[in-house]
Amino acid sequence: MSSSNMYDLPDDIHDSTYLECYRRSLESPEEFWDELGHLVDWFKPWNIVLDNSNAPFTKWYSGGYLNACYNAVDRHILAGKGSKVALIHDSPLTNTIRHVTYQELYDKINKLAGGISSLGVKRGDKVVIYMPLIPEAIMAMLATARLGAIHSVVFGGFAASELCTRIEHAKPKIIIAANCGVEPGKIVPYFDILHKALCISKWKPTCNVIFQRSKILTSVLKEKTDLDWDVLQLLGEPVDCVPVEANDPLYILYTSGTTDKPKGVQRPIGGHLVILMYTMKKIYGINPNEVWWGASDLGWVVGHSYICYGPLLYGATSVMYEGKPDRTPDPEQYYRIIEQHRVVSLFSVPTAFRVLRRTDPDCEYGKKYSLKSLRSIFIAGEHCDLETKSWIEKTFKVPVLNNWWQTETGSAITATCMGFKHSLNPPKFTTGLPFVGYNIKILQPDGTECQTSKLGRIVLKLPLPPGNMSTLFGNNELYKKIYFSKYPGYYDTMDAGYKDENGYIYVTARDDDIINVAGHRISTSSLEDAVLRHSDIMDTAVFGVPEPTKGQVPLCLFVPRADSQKSNIKLAAEIIQNIRNIVGPIASFRLAAPVHGLPRTRSGKTMRKALADFAKNELVVLPATIEDPSVFKDVRRALQSLGYALNTPEPIVEKN
């Protein structure tokens, strides 16, 4: 077997074009990324392709000036493609389908940008966007980018306190919001949630711009703080795109983490636009005249990259689906959308397909639709079990391809690439091969490299390729501490995995303190903080447990006050309701039980991983530093009351 020892990618197995690009991206990064930089349009070309003089604050395309809105919309108009459909908004919840052309998008963004410019928004200002998955949300993002301002989109499922945290940290000049969202059987009052958040927020924006979904609900705006979206369009003149330096922020996106401080991922504009253009072709194999469907929400990184920017930069048509896989009103919607809109590729989380499989295992709803336009399905965001993957392949009759990335990276670290002619039948459980620019190593705790197929920490050798975050907003020190201090010279993904003899990467575990609920990463510390707001709760631990549909859901063990007058059943119910009020229904928080005490080390560290393994019926080996191993007897009782730890062996305590 001929092989490149440096990167562990055999020559006789993988596509030669991929191998050439991959090796060039690591061995001659300036030359490689200089060529790719021309995929997007620049007002002023860059002076330096790669500036790594202040690692890990790597800069790409330094001195170059461009604009994200210009690249996503204006240049397509100038190329005579204004009549092409840019967005298809499909909403069975409101029984509407909208086709928004590039020309309509351009016209509406121009008016909106002129309006928010009249409110004082300029280059470098922040704009928080709190909207459901509607075209106006993308218009708000691009209008902000048109002015050279920085958007921070907040997922509409977050409750007031979570929204408040992001407002206080980002300090936006204005907030753009819809007055409501729609869920099966209910209307979500965004307007009320926003004003509740602003009541408790220490930061007050100068104005809230409210888009009224008048066919669903009309809200009474507050005269001193709110401005109607339609009125705003009349306040300013259309504005030209503002040139922005390649390493200035395009957006801030908040992600869960193990620290108490907000983690606002700051995305530089230049490299991000380049990599998104490149991945649309090389990973997803899309042509500009085709229809692409990213089944996510704009509040997540997938929505930023592959509902908004990626498809529009590429000049393709992007589907925005406002609905659920099975409850709007039935499980046929995924099939209908593929046929009706001639979708060629779908990007979703495994949970969506688990839902379809649970509610319609024999595809009775889908049989009446033709899926002949579909070429591939991409999954990411969480582990996909083999049974679900096999069901998707059997049902949709296309390759189901995994890829792995993080909010911090903005696009895939590993993938099976349609555009590089990767094998469409990769090994089971792999997340794919390293994408260009990523030199992936598997390290042991001492920093030495693991042998082939040996589990270790997945790290990325510096410098990171274009498109990765440039820092954490407002906190360079935390950025260095979290991602670069443990393994100097590498970015620490905080994920575990291994690499096989053919260079395929396998991601096997998440950081212990992050729960992955249907692809949404939720911090246990934020949930625990919310639990402890209850005056009758003295202590708590929250950890993830398996759940067939969502992959993982949080389970809470709590220690009540000794003098509490409330029953344990009532306390559990109040805790669950508190989480819904504070964090929102996104947490899927329904499991809570009382215990007398929690397992901790003598230094005070809560042993969440041990609890999670214990709940999964796994043998738990406790460290010798555990304070009181006897607490597991009561933990077993509590977990069994919730249907977990039914066959777990007794824990073993390590000897000193």
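The protein carries 73 positive and 70 negative side chains, and the centres of the two sets are 2 Å apart; Lys and Arg count as positive and Asp and Glu as negative, without His or the chain ends, and each charge is placed at NZ of Lys, CZ of Arg, CG of Asp or CD of Glu. The model is predicted, with local features requiring pLDDT of at least 70 and side-chain atom pairs pLDDT 80 or more, whereas totals for chains, interfaces and linings use all residues. Residues are numbered from 1 along each chain as its sequence is written, and side-chain values use heavy atoms, leaving out hydrogens and water.

Of the 656 residues, 61% are buried, that is, under 20% relative accessible area with a 1.4 Å probe, protein chains only.

The protein contains 18 helices and 36 strands, defined as DSSP runs of H or I with at least four residues and of E with at least two, numbered from the N terminus. In strand β22 (residues 400–404), five of five residues are buried. V400, N402 and W404 point one way from β22, and L401 and N403 the other way. Strand β21 (residues 376–379) pairs with β22 in the parallel sense over three bridges, pairing requiring at least two DSSP bridges between two strands; here I377 stands opposite V400. β22 also pairs with strand β23 (residues 414–415), in the antiparallel sense over two bridges, where N403 stands opposite A415.

Note on methods. Buried means under 20% relative accessible area, exposed over 50%, partly exposed in between (1.4 Å probe, protein chains only).
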